[in-house]
Amino acid sequence: MRHLLSAADLDLATATAVLDLAEEMQQVQSRPVKKLPALRGRTIVNIFFEDSTRTRTSFEIAGKWLSADTINVSAKGSSVSKGESLRDTMMTLDAMGVDAFVIRHSSSGAAAQVAGWVKAQVVNAGDGQHEHPTQALLDAYAMRQHFRTLGAAPAPGATEFAGKRIAIVGDLLHSRVVRSNVLLQRTLGGEVVLVAPPTLLPTGVENWGCEVTGDLDAVLGTCDVVMMLRVQRERMAGGYFPTEREYSERFGLTEERLAALKPGAAICHPGPMNRGVEISSAAADAANSLVLDQVAAGVAVRMSVLYHLLGSDEGAVH
Ligand code: NCD
């Protein structure tokens, strides 16, 4: 794997290998000494042009636990604020001998563009409203763990996702998480149901191969996972829905809706959560909420991704 730009870059064998290796990486998380020598001598630059808490920190932790040298660059404080172009910034850092960039940018397609410019390998950590492939992988990891705790092993040749219905609910229009999840589940075999008001549906959604509905209550009891997405106020000029209260009544995972979930169904949210808008505190903190499992999975999955990208024979020290 040279770059990870889209969840569609992953075929079933690679996606499964990433998830499986993440399981081994997760064991490191529970050790007192959290260090593997695998990426010693490799240099990873996390360059984030948009705000981030969990994605940036978990990529940094993942790189450090694999013994890579990880450096964080944020747009504020870099020459970008002096008017330098993205291309010049990336070429400058690349010229220093960086092995991989983990990039987040507000423009859809930015990571792919950077991959065309630099010699380093590139991981897309979110490009505008387009994709966020490592988020979809960590979601899949947390879901897979959850399905396993429920018992039933998959049929031979099938994945744990076969026959599972995953509702993705909310601001689909502005979400890169939904796009990457739809693409990854197409590969892994899960069935995605998209739930949103018409104003928050992306154009062309009818070609995504998913059931699309505006009626959350009609699908709630049929899904094995309900993934709530944040209402992305910062990407809205207003007017997408009447009021937050009304949005929450129709599309929020309220305390009342918790009781309507299918028994054993899991609740996911990529974070950051708007408690009381798309998700109630009762749902966020419920026993079947995977929110913190997703965060924990983020480190293990990103370790696995970095290892798959950079842990080549010449680079890896086992
Ligand atoms: C998401 C993102 O940035 O795309 N968050 C994340 O990476 N965990 C979703 C969001 O911002 O709502």
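S107 touches D127 and G128, leaving out residues up to four places away in sequence; contact here means heavy atoms within 4.5 Å. Before going further: this is a predicted model, where local features need pLDDT of at least 70, side-chain atom pairs count only at pLDDT 80 or more, and totals for chains, interfaces and linings use all residues. Residues are numbered from 1 along each chain as its sequence is written, and side-chain values use heavy atoms, with hydrogens and water left out.

**Around S107 and H105**

S107 sits in the loop between β3 and α4. Helices (H or I, at least four residues) and strands (E, at least two) are DSSP runs, numbered from the N terminus. With 35% relative accessibility, S107 counts as partly exposed. For the cut-offs, buried is under 20% relative accessible area, exposed is over 50%, and partly exposed is in between (1.4 Å probe, protein chains only). S107 and I71 are 36 residues apart along the chain, and their C-alpha atoms are separated by 22 Å.

H105 belongs to strand β3. Is H105 buried or exposed? H105 is buried, at a relative accessible area of 14%. Setting aside neighbours within four places in sequence, H105 is in contact with F49, E50, L86, A110, G126, D127, G128 and R176. D127 and G128 are also touched by S107.

S67 is another residue to look at, found in the loop between α2 and β2. Its phi is near 70 degrees, a positive value in a residue other than glycine. S67 is buried, with a relative accessible area of 16%.

**The four-stranded sheet**

Strands of a sheet pair through backbone hydrogen bonds, either parallel or antiparallel. Here, four strands make an open sheet in the order β2-β1-β3-β4, with parallel pairing; two strands pair if DSSP finds at least two bridges between them. The edges are β2 (69–74) and β4 (121–127), each of which pairs on one side only. From one strand to the next, the twist averages 15 degrees. The angles in this report run from 0 to 180 degrees between N-to-C directions, and the axes are lines fitted to C-alpha atoms, for helices over the stretch in contact.

Strand β1 (residues 43–48) has five of its six residues buried, so it is largely enclosed by the rest of the structure. β1 and β2 run parallel and are joined by six bridges; N46 has N72 in β2 as its bridge partner. β3 (residues 100–105) and β4 run parallel too, joined by five bridges, and V102 stands opposite V123 in β4.

β5 (residues 165–169) and β6 (residues 191–195) run parallel, with five bridges between them. R165 stands opposite E191 in β6.

| Helix | Strands it lies across | Angle |
|---|---|---|
| α4 (residues 110–117) | β3 and β4 | about 165 degrees to β4 |

P272 is in the loop between β9 (266–268) and α10 (281–284).

**How α2 meets α11**

Two packed helices are described by the angle between their axes and the distance between the axes. What are the values for α2 and α11? The axes of α2 (residues 54–65) and α11 (residues 291–310) come within 8 Å and cross at roughly 55 degrees. The two helices are therefore oblique to each other: angles under 35 degrees count as roughly parallel, over 145 as roughly antiparallel, 65 to 115 as roughly perpendicular and the rest as oblique. The crossing of α2 and α11 is right-handed, meaning the near helix is turned clockwise from the far one by less than a right angle.

On the α2 side, R54, T55, S58, F59, I61, A62, G63 and W65 meet G298, V299, R302, M303 and L306 of α11. The residues of this contact split into seven nonpolar, four polar and two charged. In that count, Ala, Val, Leu, Ile, Met, Phe, Trp, Tyr, Cys and Pro are nonpolar, Asp, Glu, Lys and Arg are charged, and the others, Gly among them, are polar.
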